[in-house]
Structure formats: structure tokens, C-alpha cells
Amino acid sequence: MHSRTPGGPPSGVGRQTGGVRIVIAPDKFAGTLTALEAARAVAEGWRGADPGADTRLLPLSDGGPGFVEVMTTASAEPVTRALTVRGPLGEPVEAAWVEAGGTAYIESAQACGLHLVPANRRDPGVTTSHGVGELIADALGHGLRRVVVGLGGSATNDGGAGLLAALGAEPAEGLRRGGAALPALDRVDTAAARERLAGVSLVAATDVDNPLLGPEGASAVFGPQKGADEEQVRRLDAALAAFADRTDPGGLRERPGSGAAGGLGYALLLLGGEVVSGISTVLDAVDLDGHLDGADVVVTGEGSFDGQSLRGKLPYGVAQAARARGVPCLVLAGRVQVDAAEAAAAGIAGTYALVDSAGSVEAAMADSAGELRRLARSVAEGWRR
């Protein structure tokens, strides 16, 4: 088990005698637990060792899968709107967005997420983002003039062409056939889509800063995760370049975040949107700072806590907020690939891995909720000594 002080709280942190106030603010454990399920498991495990603990659950998201659930939980009077949209393979899928405080919160993964495509059918050359555009259109139809789209976890690499088609761009049929079909388009007319979004505050919430094209672009960095081999990555990058040549007169393709979610960030920029930090959007919405005031400890986590986590992913954002208030931050993750010194430098007092406590990856994934409860209880028992 990874921990700065095995068997007890990290060195230099005061030991609690009971009734500890703990803020539980995890991201999802991809493939096994939603953020809410992870938060509940940690709370149950901690209270197993400390029944008097004051547990505050704040499930989080960086804009990817779970974004709508988190924003619903964070809102005082949320209204959920469910509808059927075109999925990444063109088949109907059920999706939802939430209206809260005059803003529509949309999760792109609900309409074009990788989890919607069976492993043997994954092909980022044919998947479409059309359903995301349908969600935006539905929000506009309900009179919303501020739309925040959480980006992440997509199965697509179409530069948001499908999204644009759903909002009125032409030729609609060609635009919704996936990234590989883009070079065949003689023209792309986005005027109707841009007119439809005129006067709307459109926000892309993501912590991916990749541009649309090139070695750090959507195809090269994220294409392999969606099933693309080296040759297809090259062809998809060329396809997006052709698409950008027909749609982008002002260098939007180079903007940080334009490559998010297979280029959905680019399409939103084309429509006059702005790219903002998904983590900051969520942390502000749940008022993490307010919950940390008076807290004794904060627990965060995700499926894999690794070097990428320390470059701005959600646990890092939670740790920074906790450090600013002098609150120790613990990370409980599926696996930990960060050493104690790196974690400490990021303001993290201790890291704990499910694969270590469970004994294997297979055991950790077979009963992730149960293993996370047991790990949280073990950490809490050490914390109280």
C-alpha cells in the first residue's frame, strides 16, 4: 500500500479522537465506479471505523463522464431533461442534460461516449458527435441561453462535424458520417448553426489543452484510445486538417482545447464558444472551498493516480484547494503510480491503492465498491489511532 506513514495518518498531521469532519471528493473510477458510488463507498468505509464521523460527499468530474450527475447533485433545484439522440454509431441512445440556475449542463459522453461503443466496433473514423448537437438543440428549445458542455470520454474524432450538422450546418448527411468522411466534402456551411447560437453563452468545460491537429492533436493523442492504429491516426489528422481548411479562417484549430473530445472543442469554438477549466467549473459549482472550511481531512481519488494526475487532473485540483486551507488531503485510487515525494510536492499527505489492499487488479475490479470501503476503513482506523 502506498502511504507516507503506513498504518496511521501522515506524519505532521494531528491525530483525531472521533467525529472527524471529512470531505469526500472523488472523481469516477473509470470502468468500475461513478464518482457518487466512489464517494458513498469511502463514506461507508470511514464510518465503519469512526461511526461519529461527519462525512460530506462531493462527487466530482472534470467535464467527462459523470459531469451531469455531479452538476445535478451540486444544484439546488435541478431539472433533468431526458431524450433519445443519435449515438456515436448512429443508433439511438438515451441521454440527459440538466437545467440549473438558468444554465444547461450537457455531458458529451452521454451522446458520443466510448462506453457506448462495443470494443469490437470501435472505429473513430465512423463515429459521430451528432447526438451532442441534439442535446444542445434541446437546451435551446427550452429557452436556455447559457450552455456548458462537458468534454471527455468520447468515441469520436470528427472535429465536432456531427454536432454542427445537428445544429443546422450543411451538408448534414456528410457531416454526420464520421471523421474519415470529411475530406470528401466539397464545402461546409456553418452559417445556420452559428446563427442559431448567436447570443448564446456557449462554454466547453475541459482540462484537455490539446490543439485540433498535429502530434499533440486530437487524432494523435486520443485516436489510439478509441481504436485507431498508426495509419488511421495519420489519415484522421489529415481529415481534420481538410475540415479545418473549409471552416476555420482564424486559427481556431490551434487554440488550446480545440482537440478535446475528438475535436468537439473545435466545433464549439467555431460556434463562438469559449474553453474553460472543467475542474474549476465543477469545484466552483459544488463550493469545495466552502466545504473545506472547518474540515479535518479531505479524501479524493480516481481509477489511476499517475503522472498525468499531477499535471492538472481532478485530484490535483482538490489537493491544491485543500493545501490553501491547511487541510490534509488523502488519495484513494484504483492504482497509484506516483511516489511519496511527488505526492507530497503536490500537497497530498498520503496515497493508498486498491490493487495493493485487494492483492491484485482482478480482485480490485471484481468488487471495487467493497474494496474501496475496506480500504477507507483501514485508512480511517489508522487516522484515529
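**The cavity and the domain contact**

Author: The largest cavity has a volume of about 40 Å³, a volume being the space filled by probe spheres set on grid points joined across faces, edges and corners. A cavity here is a set of points on a 1 Å grid over the protein atoms alone where a 1.4 Å probe fits but cannot get out. The structure holds 1 cavity of 30 Å³ or more. Its lining, residues with an atom within 4 Å of a point, consists of I24, P26, F29, A38, V42, V299, T300, G301, L332 and L372.

The model is predicted: local features need pLDDT of at least 70, side-chain atom pairs count only at pLDDT 80 or more, and totals for chains, interfaces and linings use all residues. Residues are numbered from 1 along each chain as its sequence is written, and side-chain values use heavy atoms, without hydrogens and water.

An automatic or database assignment gives domain 1 (21-59 + 287-382) and domain 2 (67-279). Their C-alpha centres lie 31 Å apart. The contact (heavy atoms within 4.5 Å) takes 6 residues from domain 1 and 4 residues from domain 2. Between them the two domains bury about 440 Å², 67% of it on carbon and sulfur atoms; buried area is the accessible area (1.4 Å probe) lost on being put together, summed over both parts.

Definitions and conventions. 1 Å grid on protein atoms, 1.4 Å probe; cavity = no way out; pocket = protein on both sides within 12 Å on 5 of 7 lines; lining within 4 Å.
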